[in-house]
Amino acid sequence: MLGRSLFGLLLAALPLFTSAATTWKQVKVGGGGGFVPGIVFSTKTKGVAYARTDIGGLYKLNSDDSWTPLLDWVGNDKWHNWGVDALALDPTNSNKVYIAVGMYTNSWDPNNGSILASSDGGSSWTEYPLSFKVGGNMPGRGIGERLAVDPNSPSILFFGARSGNGLWKSTNSGATWTKVTSFPSTGTYVQDPSNEYSADKIGLAWVTFDGSSSSSGSATKRIFVGVANVNSTSIYYTEDAGSTWAAVPGQPTTNNLPHKGVISPSEGLLYVTFNNNAGPYDGTTGSIQKYNIASKTWTDITPVSGSDLYFGFGGLAVDLQKPGTIMVAALNSWWPDGQIYRSTDSGATWSPLWSWASYPTVNKYYKYDVSLAPWIGVTAPDETKQIGWMMECLVIDPFDSNHWLYGTGLTVYGGHDLLNWDSKHNVTLKSLADGIEETAVQALISPPTGPQLLSGLYDIGGFAHSSLTTPPTTPFNTPLYSSVVDVDWAGQAPTNLVRVGNDATSADRQIALSTDSGASWNQDYGAPTGIAGGKVALSAQGDVVLWATSSNGVQVSRYTNAFTVVSSLPSSGVVIASDKVADSTFYAASGNKFYVSTDYGVTFTAKSATLGSSSTANDITVNVKVTGDVWVSTNTGLFHTTNSGTSFTTITGFGATWSISTGAPKTSGGYPSVFVIGTYNNIVGVYRSDDQGSTWTRLDDAAHAFGSGSANVISGDQRTWGRVYVGTNGRGIFYGDENGSSTSTTTTKSSSTTSSIRTSSTSSTTTRVSSTTSSSSTKPISTTTSTKTSSTSSKTSTTTTSSGTGTVAHYGQNDFYYQASSTAAYE
């Protein structure tokens, strides 16, 4: 009774906290926008297939060729689960799906990996922790599949680990794992030992069962395993279900890192694609080999040789309906295009997807169709590639020889007329990635006029989104930046925009200006070449650009004159913003200091009021109607000033807080809504306040958890109250609308001595997944994970929460790699 009475007193003293009934939908970019390293069809049920991505989770194929995301429930505490390093289907039950998840095996990700298992086609998942890391966004992420299910005894799985951790076996459908100590190699290949990202061992490459070696109900006796070794033995096999292992005799030992190993059952052949590197970006030579399992002989069936062989091989497909029909993908043919070869006689002869006519004319044996994502067809003038790059997965539907798919660093291509390759030597090559939204979003703005939304994205530039439900026809162009890392608008001239690119090696200056809401752009010729990245702010009238560059300090330019260094600000660790009313006023923050400029960004003065004990300033946003009304997010909280930093109010309840924005007010003429991605009473989420921070509404839900909070960006809509845009680091852009009602939970604008309490029972490890569009007023805050592991793994039982701080990497999929540490919450 005493406890209940005390709780009641605390409730009475705290302002109300609500959880909004928010409807979330995806902003449609289309085309995927990122690397798809693996696609697997079910051999049991026609039309069932899954696609794994390196930073954006898992997708399931629909009957209309679109895809449905399956891991949108992954939130900040499990952000690394969006990195899917391996995918396996139960050959006897197409509803059973397994994936190996984890983002990095280096220091960027402190978490061990897991096996996620679903028995209902991805609608719900059970997580089984592993005792080592998994690298969904590491080098070699396109080889595989590293995870496989025994076709004769499907409770048995094998998993080939990275980092020298070897081969692992489960006999209870992934629930527990034992290391196969008899396996002779853990892999020696390292992509680049001088760089932390690429210095780890790639490990084991793939596991392939030969189902014909046993009968149903008995463990498959013959298993092949590829290992990331080069210029030494790289393929091993067992004839006793994994008790003993030996090197496959006669295998090639030069340039022989095996990327794929696929058995053609009716032929009794194991086909293997080899590369001299792990990929997905590299590869300068390689081969295609077939191994006759009965005679134990190898045959080199590489389609090209000599000077024509300037790439290795990755993707490999076998047509189960047409024995002897195989396809392979080059890895990587960067010029003039990617290449795919097809054979109908087990590799004795091949035909290409393109060939040279008379240089520089190319014969294209395909019809190119990007109607589902027209922006894919807008490229730089010197760009010749259409077929793609990073082509590590290539599959033929086991029930339909006309249906094929392959993943690239940008999209999923394929079609439904593949047999025309043989009869006409011409097929439809169509982008079939509708529903896959894998972009790493860096910036979002929603000005009061023009397109509803403008975005800056890694790897594919950015867009002016005139529609939220239709893919854009063109990216930001002239100049065409591969990545756009920030965008801003002029408060009093909102058709004026600025964006910043991220390529310091480009001849183009990395600041671009628009005066027509992003319809057209021009380089800012005041910007120096060789400088890129960072954050940018445009003055209220659009005549001043303040640029916090990635490595050359803060610089400023007016009227497109040459940029000059702002010496009164720190050279790094600075966030900036423009006042949206006063043209001469800019704001900056670094550590716990707040700075103001009233001379068009030429000089800044540090205010005496500080941002508490903050060591990192993360973002600044402003009231677009009032000068000096500014919000600042930091690693310790959220701060608000109404007098240009003369004094600050600390918003009680917030810990580490990242991207922030204002949006349209709830009532006409009222105070703008404030949107925050941050830690509120130890819960990382998306929040909105309509009363200057007195009370807060949580907007995210169990089906839309948005991955890493610190890596995401947010923008309120300046025209529509309640609408908010969230840009994720791997799952594209979402927009949420208030659907007219909100439900009260418990409370919270509390002091640090009072914890947040939400009505939620402890749930099991199984997480329910709903469709992309939903309304929800509840979200599980904690889950109880109970797992048992054998061998080097120990039995654990832990309760996970969203509290705590640590390092989370910002990542893009087609850049060679990008990593910037930031404070974030994780388990």
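Colleague: What share of the 827 residues of the chain counts as buried?
Modeller: 62% of them do. Buried means under 20% relative accessible area; exposed means over 50%, and partly exposed lies in between (1.4 Å probe, protein chains only). This is a predicted model: local features need pLDDT of at least 70, side-chain atom pairs count only at pLDDT 80 or more, and totals for chains, interfaces and linings use all residues. Residues are numbered from 1 along each chain as its sequence is written, and side-chain values use heavy atoms, leaving out hydrogens and water.

Colleague: What makes up the chain, in helices and strands?
Modeller: There are 2 helices and 64 strands. Both are DSSP runs numbered from the N terminus: helices (H or I) have at least four residues, strands (E) at least two.

Colleague: How many of the contacts between residues at least 6 apart join residues at least 24 apart?
Modeller: 55% of them do. A contact means heavy atoms within 4.5 Å.

Colleague: What makes E14 and strand E17 edge strands?
Modeller: They belong to an open sheet of 4 strands, ordered E14-E15-E16-E17 with antiparallel pairing. E14 and E17 (246–247) each pair on one side only. Inside the sheet, E15 and E16 (residues 235–238) pair over 4 bridges. Valine 225 stands opposite tyrosine 236 in E16.

Colleague: Why is the contact of glutamate 127 with lysine 78 called a salt bridge?
Modeller: A salt bridge is a side-chain nitrogen of Lys or Arg within 4 Å of a carboxyl oxygen of Asp or Glu. In this pair the closest N and O atoms are 3.6 Å apart, so the pair qualifies. Glutamate 127 sits in strand E9 (residues 124–129) and lysine 78 in the loop between strand E5 (67–69) and E6, so the bridge ties together parts 49 residues apart in sequence. Both residues are buried. The structure holds 17 salt bridges.

Colleague: How do you know that arginine 222 and aspartate 210 meet in a salt bridge?
Modeller: Their N to O value is 2.5 Å. That is within the limit, so they count. Both lie in the loop between E14 and E15, 12 residues apart.

Colleague: Why does arginine 698 count as buried?
Modeller: Its relative accessibility is 1%, which is under the limit, so the label holds. Aspartate 700 is buried too, at 4%. These two side chains meet in a salt bridge (3.0 Å, N to O). Elsewhere, salt bridges that share partners join Asp85, Arg146 and Arg162 into one network.

Colleague: What makes a space a pocket or a cavity?
Modeller: On a 1 Å grid over the protein atoms alone, a cavity is a set of points where a 1.4 Å probe fits but cannot get out. A pocket is an open set with protein on both sides within 12 Å along at least five of seven lines. Lining residues have an atom within 4 Å of a point. Points are joined across faces, edges and corners, and the volume is the space filled by probe spheres set on them.

Colleague: What lines the second largest pocket?
Modeller: 43 residues line it, and Val40, Thr43, Thr208, Val262 and Ile263 lie nearest its centre. Its volume is about 1,100 Å³. E18 gives the most to the lining, with 5 residues. The lining divides into 27 nonpolar, 11 polar and 5 charged. Ala, Val, Leu, Ile, Met, Phe, Trp, Tyr, Cys and Pro count as nonpolar, Asp, Glu, Lys and Arg as charged, and the others, Gly among them, as polar.

Colleague: How many cavities of 30 Å³ or more does the search find?
Modeller: It finds 3 in the whole structure. The second largest cavity has a volume of about 40 Å³. Its lining includes Thr105, Arg162 and Tyr197. That lining divides into 4 nonpolar, 2 polar and 3 charged.

How values were computed. Two strands pair if DSSP finds at least two bridges between them.
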